[in-house]
Amino acid sequence: MADIDIPESLIALERAAWAEQQAGALTVATAAAVQQAYTEHAAVTGVSRYEVERAAKRLVRHPEA
């Protein structure tokens, strides 16, 4: 996977969503916010939204990789 520049604000949203998911308390508002951020970042950078999401999740869920 190519390196994708993920802004700290998007990483923070993904961290919040991941924490809620791990606690079994993911809200629609949090999920919608992170998905909207993926879409907006993809539109600005020209990178696939799916690749943006994948890169953000990898940074948050597997930082050692």
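Predicted model: local features only at pLDDT ≥ 70, side-chain atom pairs only at ≥ 80, totals over all residues.

User: What span should helix 3 have, and how far apart are its end C-alpha atoms?

Analyst: Helix 3 takes in residues 49-61, and at 1.5 Å a residue its 13 residues should span 18 Å. The end C-alpha atoms are 18 Å apart, so the two agree.

User: Which residues of helix 3 are buried?

Analyst: Val52, Glu53, Ala55, Ala56 and Val60. They cover an arc of only 165° around the axis, so they sit on the same side of helix 3.

User: Why would residues a few places apart point the same way?

Analyst: Because an α-helix has 3.6 residues a turn, residues three or four places apart point the same way.

User: What covers the buried residues of helix 3?

Analyst: The cover includes helix 1 (8-22) and helix 2 (28-45).

User: Which residues are buried in helix 2?

Analyst: Thr30, Val34, Ala37, Tyr38, His41 and Ala42. Their arc around the axis is only 130°, which puts them on the same side of helix 2. Helix 1 and helix 3 are included in what covers them.

User: And which ones are exposed on the other side of helix 2?

Analyst: Over there, Val28, Ala29, Ala43 and Val44 are exposed.

User: Tell me about Thr30. Where does its side chain make a polar contact?

Analyst: With the side chain of Thr27, at 2.9 Å. Thr30 has a relative accessible area of 15%, and the cut-off for buried is under 20%, so Thr30 counts as buried. Leaving out residues up to four places away in sequence, Thr30 touches Ala16, Ala17 and Glu20.

User: How about His41, buried or exposed?

Analyst: Buried, with a relative accessible area of 13%. The side chain of His41 reaches the backbone oxygen of Asp5 at 2.8 Å.

User: Which residues is His41 in contact with, leaving aside neighbours within four places in sequence?

Analyst: Asp5, Ile6, Pro7, Leu10 and Val52. Val52 is one of the buried residues of helix 3.

User: What happens just after helix 2?

Analyst: Gly46 takes a positive phi of about 80° there. Val47 is in the loop between helix 2 and helix 3.

User: What does Val47 touch, not counting residues up to four places away in sequence?

Analyst: Ile4, Ala42 and Val52. Val47 and Ile4 are 43 residues apart along the chain, with their C-alpha atoms separated by 8.2 Å. As for accessibility, Val47 is partly exposed, with a relative accessible area of 28%.

User: Great, thanks, that covers my list.

Methods: Residues numbered from 1 in each chain as written. Heavy atoms only, no water. Helix = DSSP H or I, 4+ residues; strand = E, 2+ residues; numbered from the N terminus. Expected span 1.5 Å × (residues − 1). Buried < 20%, exposed > 50% of the residue type's maximum accessible area, 1.4 Å probe, protein only. Arc of directions from axis to C-beta. Contact = heavy atoms within 4.5 Å. Polar contact = N/O pair within 3.5 Å; in protein donor to acceptor, adjacent residues only side chain to side chain.
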